[in-house]
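Thanks for coming. I will take a few minutes to go through one model, and I will start with a question.

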Amino acid sequence: MSFVDLTEDLAALLPDLRGRLKANADLSGITWFRVGGPAQVLFTPADEADLAYFLKNIPSEMPVFVLGLGSNLLVRDGGVAGVVIRLGRGFGQIEVLGDSRIRVGTAVPDVKLARAAGEAGIAGLHFYRGIPGSVGGALRMNAGAHGGETKDVLESARAVDRQGNIHELSLADMGFAYRHCGIPKDYIFTSATFKGEPGDVADIQKQMEEVADYREEHQPIRERTGGSTFKNPPENSSWKLVDAAGCRGFKVGGAQVSEKHCNFLINVEDATGEDLERLGETVRARVKANSGITLKWEIVRLGEPLEGRPVGEALALDADAVGDVE
């Protein structure tokens, strides 16, 4: 499908804009699942000031969404109405500060943050080697892995709100909880400062290699996947609940629950966004029927289904009529 082209109107409204506007931009090519419809407008701001100018001057009713590396995202087949903002080169700075601190832009991949900290002898950030996303996503989700979480190492962050105001945020301001950040959803993070501990470069490198080796052995990192699909319930593991419900290897259309790690969904046969979401909802229904526990999505689902198609929980197949796993 395609949307009405808004780029000329926006360009006329924003004469001093320095970033790039693109109409009906394909999102499937920049998300890890490789599915989904287009963005009505894809905006790549030049820097923080350009982002603030854009947000301050566009109509207040215009929907705005932020896209990072596309690793933890499922875009629906009907696409995304409004503006999708993708932070790029203008948010990719890395600056090593004193006292085991490092400041980075939020477009920096988590793995690159880990490597830069390691090379500078800053210990404690090695766990980012195992998180397939960007720093902005890590802030929004309080991302963590291998015993570390963003809340353990973040010192401060900067963000732009929907009115174009710039905010300096302390760790206490962030309201972190498990896979949750308390900052309003319309704030767009632009940079962050992390604080670790003095460490030996060789030791930190070894820790990162161990994280990388673990991911290679236990996760389907070479597949078209979105990373961990469901949040872990208290005192439990999502993958164990999915496995116990008989969903390891289960398929819907071109989407499959990974045989290697069953909290990962993978696009195995040119899946659609609907295939993946239907698979996820069916897994949730089967886990609920088997254990009484309702899994919560960790992957962000964005956009609308194709016209006339169901969405969300309405996609789930009958948990009792699914039959045996293929």
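Is arginine 103 buried, partly exposed or exposed? Arginine 103 is partly exposed, because its relative accessible area is 30%. Please keep in mind that this is a predicted model.

Let me stay with that residue. Arginine 103 forms a salt bridge with the side chain of glutamate 95, at 2.8 Å from N to O. Glutamate 95 has 39% relative accessibility, so it also falls in the partly exposed class.

Now a second pair. The side chains of glutamate 149 and arginine 179 make a salt bridge at 3.3 Å, N to O. Glutamate 149 belongs to strand β10, while arginine 179 sits in the loop between β12 (166-170) and β13 (188-195), so this contact ties together parts that are 30 residues apart in sequence. Both glutamate 149 and arginine 179 are buried.

For placement, take glutamate 209, which lies in helix α6, residues 201-218. Glutamate 209 counts as partly exposed because its relative accessibility is 42%.

On to a sheet. Which strands make up the open sheet, and in what order? The order is β15-β18-β17-β16, 4 strands with antiparallel pairing. At the edges are β15 (225-228) and β16 (251-252), each of which pairs on one side only.

Two backbone angles deserve a look. Serine 100 is not a glycine, yet its phi is positive, about 60°. Serine 100 is found in the loop between β6 (94-97) and β7 (101-105). Is serine 100 buried or exposed? Serine 100 counts as buried, because its relative accessibility is 14%, and the cut-off for buried is under 20%.

Histidine 146 is the other case, with a positive phi of about 50° although it is not a glycine. Its place is in the loop between β9 (144-145) and β10 (148-149). Histidine 146 has a relative accessible area of 35%, so it is partly exposed.

Asparagine 72 is in the loop between β3 (64-67) and β4 (73-75). With 22% relative accessibility, asparagine 72 is classed as partly exposed. How far apart in space are asparagine 72 and lysine 195? From C-alpha to C-alpha, asparagine 72 and lysine 195 are 25 Å apart, with a sequence separation of 123 residues.

To go back to the opening pair: glutamate 95 and arginine 103 meet in a salt bridge, and arginine 103 is partly exposed. I will stop there and take questions.

How values were computed:
Residues are numbered from 1 along each chain as its sequence is written. This is a predicted model: local features need pLDDT of at least 70, side-chain atom pairs count only at pLDDT 80 or more; totals for chains, interfaces and linings use all residues. Side-chain values use heavy atoms; hydrogens and water are left out. Buried means under 20% relative accessible area, exposed over 50%, partly exposed in between (1.4 Å probe, protein chains only). Two strands pair if DSSP finds at least two bridges between them. A salt bridge is a side-chain nitrogen of Lys or Arg within 4 Å of a carboxyl oxygen of Asp or Glu.
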